[in-house]
Amino acid sequence: MTTTRFLDGIRSIAGDYDLFLLDQWGVLHNGETLHTGARAAMQALRDAGKHIVLISNSSKRSDASVANLEKMGIERSLYDTVITSGEIAWQAMKSGDDPYYAGLGRRCLMSTWGGDNSFLEGQDLEEVDSLDDAEFVLLSGTSGADASIYDEMLQAAAARNLPLLCLNRDMVSVDPEGRLVDCSGKVAQRYESFGGKVRYHGKPGREIYEACLAAAPSADRPIAVGDSLHHDIAGAAGMGIDSIFVTAGIHRVELGVADGGCPDADAVARVAEEYGVTPTFTMPSFVW
């Protein structure tokens, strides 16, 4: 069995890489506040001349992430750029180069987090209130409740053979109160179980990683940092790049480290085997 190497911080391996692909939620912050040591780690990497690209399954466009990070104290100089799944989807839809988008139609039933339909800005789309009027389902966010609350709508959409566009592939996330909540990826997965067809954007797909690598063309030694084995670590493995698994995120309960401590090697090996992927390195939180 492939094993992972445990780190106290990234200082010991920083010299081996020149591009750090950092997940946001779970690595840098919890949606509202920064994690202790995260900003200092970014600053140390920048002081060492490293490229940093923030890679996120956020359904929002990249500028929204920049503004949110600024509010939390991560200024623009601390990273090269932000690549979000929402930005990639928005650009693909806007360009019209992909025939998939041309075939969707204009009228969408949209599921959002907190009523945020900003993805529609600049697009020739019409948000409708009834599934009967929709040509496709646009899954931007969820209410944060159990994904099963969408089953009635999903079953009706599947019966009409409506395509579903998922802007955020995350299955779960940790909310600011520390609770695990279902996300869009789990809803999209349920749609597939009902026979529906889904188009995904974001990690672990290659598309978003290719965009991140293209954002730093002079860097040829990348490493990805994330708290999701299914998205961050599997996505990095699919690209053939090294990874750092942050255990204080969505897997902390599975690992038995709800208090934020360091899991033992057996726990990491067990959970990694369940997800079918082994990180190159493992650390409790993203610190220098």
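Leaving aside neighbours within four places in sequence, His201 is in contact with Ser85, Ile88, Ala89, Tyr101, Leu165, Cys166, Leu167, Arg169 and Glu207, where contact denotes heavy atoms within 4.5 Å. The model is predicted, so local features need pLDDT of at least 70 and side-chain atom pairs count only at pLDDT 80 or more, while totals for chains, interfaces and linings use all residues. Residues are numbered from 1 along each chain as its sequence is written, and side-chain values use heavy atoms, with hydrogens and water left out.

His201 is located in the loop between strand 11 (198–200) and helix 7 (206–214); helices (H or I, at least four residues) and strands (E, at least two) are DSSP runs numbered from the N terminus. Because its relative accessibility is 1%, His201 counts as buried; buried means under 20% relative accessible area, exposed over 50% and partly exposed in between, with a 1.4 Å probe and protein chains only. The side chain of His201 makes polar contacts with the side chains of Tyr101, at 2.3 Å, and Glu207, at 2.8 Å. A polar contact is a pair of N or O atoms within 3.5 Å; within protein, one must be able to donate a hydrogen and the other to accept it, and residues adjacent in sequence count only if both atoms are side-chain atoms. The loop between strand 11 and helix 7 also holds Pro204, and the peptide bond joining Lys203 and Pro204 is cis, with omega of about 10 degrees.

An open sheet of 5 strands shows the order 6-5-7-8-11 with parallel pairing, two strands being paired if DSSP finds at least two bridges between them. Strand 6 (126–128) and strand 11 stand at the edges with a single partner strand each, so one side of each is left without a neighbour in the sheet. On average, neighbouring strands of this sheet are turned by 35 degrees against each other, direction ignored. Strand 7 (residues 136–139) and strand 8 (residues 164–166) pair in the parallel sense over 3 bridges, and Leu138 stands opposite Leu165 in strand 8. Helix 6 (residues 184–193) lies across strand 7, strand 8 and strand 11, and runs at about 150 degrees to strand 11; axes are lines fitted to C-alpha atoms, for helices over the stretch in contact, and angles run from 0 to 180 degrees between N-to-C directions.

In helix 5, the buried residues are Asp151, Leu154, Ala157 and Ala158. Seen down the helix axis, the buried residues of helix 5 fall within an arc of 125 degrees, so they line one face of the helix; the arc is that of the directions from the helix axis to the C-beta atoms. These residues pack against strand 7, strand 8 and helix 6, whereas Glu152 and Ala159 are exposed on the other side of helix 5. Asn161 lies in the loop between helix 5 (151–159) and strand 8 and has a positive phi of about 60 degrees although it is not a glycine.

The largest nonpolar core comprises 28 residues, of which Leu22, Leu28, Met42, Leu54, Tyr79 and Phe286 touch the most other members. Such a core is a set of buried Ala, Val, Leu, Ile, Met, Phe, Trp, Tyr and Cys residues joined through side-chain atoms within 4.5 Å. Helix 1 gives the most to this core, with 4 residues.
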